[in-house]
Amino acid sequence: MSADTCTIGLLGHGTVGSAFADLVAARADDITRITGRRPQIGGILTRSLGDADAILAGSDIVVELMGGVETARDLVLRALRSGTPVVTANKQLVSRHGPELAQAAREGGVALRYEAAVAGIVPVVRVLGESLAGAQVDRVHGIVNGTTNFILSQMAATGATYADALREAQELGYAEADPTEDVSGADAAAKMAILARLAFGHWVHLDDVVFEGIEHVTADDMAYARQFDLALKLVGTAERVGDGLSVRVHPAFLPVGHPLASVDGPFNAVTIESAAITEITLSGPGAGGPQTASAVLGDVVSAMIGAPGPPEPHAPAVIGSGVASAFYVHLEVADRPGVLAQVAERLGLQGISVKSVIQDGLGETARLVIVTHTVSEQDFAAALDLIRALDVVRAVRAIRVIDEHFS
Ligand SMILES: NC(=O)c1ccc[n+]([C@@H]2O[C@H](COP(=O)([O-])OP(=O)(O)OC[C@H]3O[C@@H](n4cnc5c(N)ncnc54)[C@H](OP(=O)(O)O)[C@@H]3O)[C@@H](O)[C@H]2O)c1
């Protein structure tokens with residue numbers, strides 16, 4: 001370590017870690033000009049290379065790009081407690097162990113930065129933590145998983161089934177061989193926990209986030225979405241509900257004018273709503289080695305110039321209930337007169353009014369597709385139970401609709 005150089009300890013040398021090392025070498029002159037110190041990789045840790053103790057002891061900044069939780073947590077805590085700033089892209093680590101990591105950073109008097117842990121290169125951590133620090137955020141909507149957005153975009157554009165679109169995503173390298181983390185909504189849930197923390201100033205643990213994936217979305221849903229002028233996305237939402245917060249991830253239909261509706265392919269976007277600013281939407285590539293490495297290097301530059309890290313809350317969030325939503329309801333029913341009236345009556349019993357209906361005969365059965373007005377999720381669940389109990393109903397599924405119109 002010397003006054004003219006900044007030695008970076010690199011934990012992990014995979015897709016992002018190797019791109020980061022290349023980027024540090026390529027951009028070293030510019031970073032020296034900006035910060036007054038020349039960045040250099042001092043040591044690299046992989047499963048087969050490097051000595052963790054020596055790397056921690058000899059680094060001015062530690063960059064954690066290993067993934068996983070336990071080893072990463074141990075090394076990051078040690079670095080922070082000993083006064084070494086840390087940059088990480090690890091959303092699982094940050095969403096599960098936020099308070100412990102923040103405490104370690106306070107003890108060491110240094111910052112933990114994690115811009116690349118949420119929404120890839122889209123600089124939403126900085127915007128929420130700094131640019132909008134003075135605005136009271138009411139709601140954050142995000143498409144924060146590029147894999148699922150690619151799959152849904154392909155289904156919408158080509159009529160492909162979920163299975164075919166997933167296979168294409170795997171062939172193009174947008175989805176892992178085991179895609180569960182992405183398609184189940186778990187990856188997006190971790191990112192929304194972090195965004196909620198930054199937007200509302202309370203700890204939200206990953207376990208507080210309710211999530212649902214895209215595995216059950218059908219080509220049929222996509223075709224109806226077109227008829228209703230809606231786009232189907234996996235949407236993360238963090239918002240104030242009563243005195244608490246609701247943080248959730250689920251497939252949702254959006255009006256085509258919504259800022260997130262036109263975000264297609266492996267891209268991410270986050271819309272931040274606040275009375276003071278109306279709304280801001282940020283979008284860009286959601287993943288990829290060089291792209292993520294660029295966000296990591298931005299954090300390293302901030303650490304080198306001693307900028308404060310993202311603000312960390314002191315209290316956990318109260319998780320609220322009473323969320324309201326509109327719904328798309330897809331029913332397979334017996335093709336008999338009066339079925340629509342029976343279904344509408346069950347909805348009416350819970351005070352739910354119907355916005356649009358499409359009915360298609362299929363021979364023995366008919367397909368009934370209904371879009372409701374906004375209703376409390378609790379009332380909707382009760383109505384769905386009543387509808388399932390009708391002997392004319394063979395199958396029913398529901399997807400939320402974000403029922404707001406944007407110009
Ligand atoms: N890939 C993306 O586009 C992307 C986007 C945003 C965020 N991220 C995040 O960035 C991080 C890295 O992702 P990645 O795609 O670069 O992963 P990766 O390609 O699997 O690379 C992981 C690296 O960490 C090393 N490593 C893993 N566990 C280790 C352990 N216990 N001890 C020592 N070394 C270990 C691996 O060593 P070996 O080489 O020996 O296996 C490898 O070099 C993750 O937190 C991920 O969520 C990735």
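The model is a predicted one, in which local features need pLDDT of at least 70, side-chain atom pairs count only at pLDDT 80 or more, and totals for chains, interfaces and linings use all residues. Residues are numbered from 1 along each chain as its sequence is written.

**Helix pairs**

Two packed helices are described by the angle between their axes and the distance between the axes. Axes are lines fitted to C-alpha atoms, for helices over the stretch in contact, and angles run from 0 to 180 degrees between N-to-C directions.

| Pair | Angle | Axes |
|---|---|---|
| H1 and H12 (residues 289–304) | roughly 40 degrees | within 8 Å |
| H6 (residues 124–131) and H10 (residues 186–200) | about 20 degrees | 8 Å apart |

The angle in the table makes H6 roughly parallel to H10. The crossing of H1 and H12 is right-handed (clockwise).

Residues are in contact if their C-beta atoms, placed from the backbone, lie within 7 Å. On the H1 side, the residues that meet H12 include Phe 20, Leu 23 and Arg 27; among those they meet in H12 are Pro 290, Leu 297 and Met 304. By class, this contact of H1 with H12 has 13 nonpolar, five polar and one charged residues. Ala, Val, Leu, Ile, Met, Phe, Trp, Tyr, Cys and Pro count as nonpolar, Asp, Glu, Lys and Arg as charged, and the others, Gly among them, as polar.

In the other pair, Val 124, Val 125, Leu 128 and Gly 129 of H6 meet Leu 195, Leu 198 and Ala 199 of H10. The contact of H6 with H10 has six nonpolar, one polar and no charged residues.

**Ligand shell**

Around the ligand there are 23 residues, of which Gly 12, Gly 14, Arg 47, Gly 67 and Ala 287 come nearest. A residue is near a molecule if its C-beta atom, placed from the backbone, lies within 6 Å of it. Helix H1 (residues 15–35) gives the largest share of this shell, three residues. The shell divides into seven nonpolar, 14 polar and two charged residues.

**Domains**

The protein chain is divided into domain 1 (5–117), domain 2 (124–283) and domain 3 (324–401), with bounds from an automatic or database domain assignment. The centres of domain 1 and domain 2, taken over C-alpha atoms, are separated by 28 Å.

Technical notes
Helices (H or I, at least four residues) and strands (E, at least two) are DSSP runs, numbered from the N terminus. Angles under 35 degrees count as roughly parallel, over 145 as roughly antiparallel, 65 to 115 as roughly perpendicular and the rest as oblique. Two residues are in contact if their C-beta atoms, placed from the backbone, lie within 7 Å.
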